[in-house]
Amino acid sequence: MTIDKETAYAIFRDEAHTLVKRGTPHVKEEGLENEEFFFAPIAAREAFNGDDRFLNDPGTPVTLVKKDDGKIVHMLPQSRKWMDLRKKMKPVNYLAD
């Protein structure tokens, strides 16, 4: 079973409620994908609107969703694995047809 981008976006929205400790949980509509993962930025809506009081806490992991089973994978944003993976991903808009 392979999940589609709409399903991945729903998983990201659920995960946002777990990760975001201050402010309104929000998932960006624009993210990245490769053959294995979907990625979307998660933070408080206020952080995306420029209010630094609502930035994610230090050490908040990057959240990815596996395309083959919809499982969540967390990686530290400064990890070599994430940096290498990000270079090979292409843009995706979760709400565009």
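This is a predicted model: local features need pLDDT of at least 70, side-chain atom pairs count only at pLDDT 80 or more; totals for chains, interfaces and linings use all residues.
Local features need pLDDT of at least 70 and side-chain atom pairs count only at pLDDT 80 or more, while totals for chains, interfaces and linings use all residues. Residues are numbered from 1 along each chain as its sequence is written, and side-chain values use heavy atoms, with hydrogens and water left out.

The structure holds four salt bridges (a side-chain nitrogen of Lys or Arg within 4 Å of a carboxyl oxygen of Asp or Glu).

Select D57 and R22 to begin. Their side chains meet in a salt bridge at 2.9 Å, N to O. D57 lies in the loop between α2 and β5 and R22 in the loop between α1 (5-19) and β1 (25-27), so the pair ties together parts 35 residues apart in sequence. (Helices are DSSP runs of H or I with at least four residues, strands runs of E with at least two, numbered from the N terminus.) D57 is partly exposed at 34% relative accessible area, and R22 is partly exposed at 40%. The cut-offs are under 20% for buried, over 50% for exposed and in between for partly exposed (1.4 Å probe, protein chains only).

Next, select K67 and E33. The closest N and O atoms of this salt bridge are 2.7 Å apart. K67 is in the loop between β5 and β6 (72-75) and E33 in strand β2, 34 residues apart. K67 is buried at 12%, and E33 is buried at 15%.

Move to helix α3 (residues 80-87), where R80 and D84 are four residues apart, about one helical turn. Their salt bridge has its closest N and O atoms 3.7 Å apart. R80 is exposed at 55%, whereas D84 is partly exposed at 32%.
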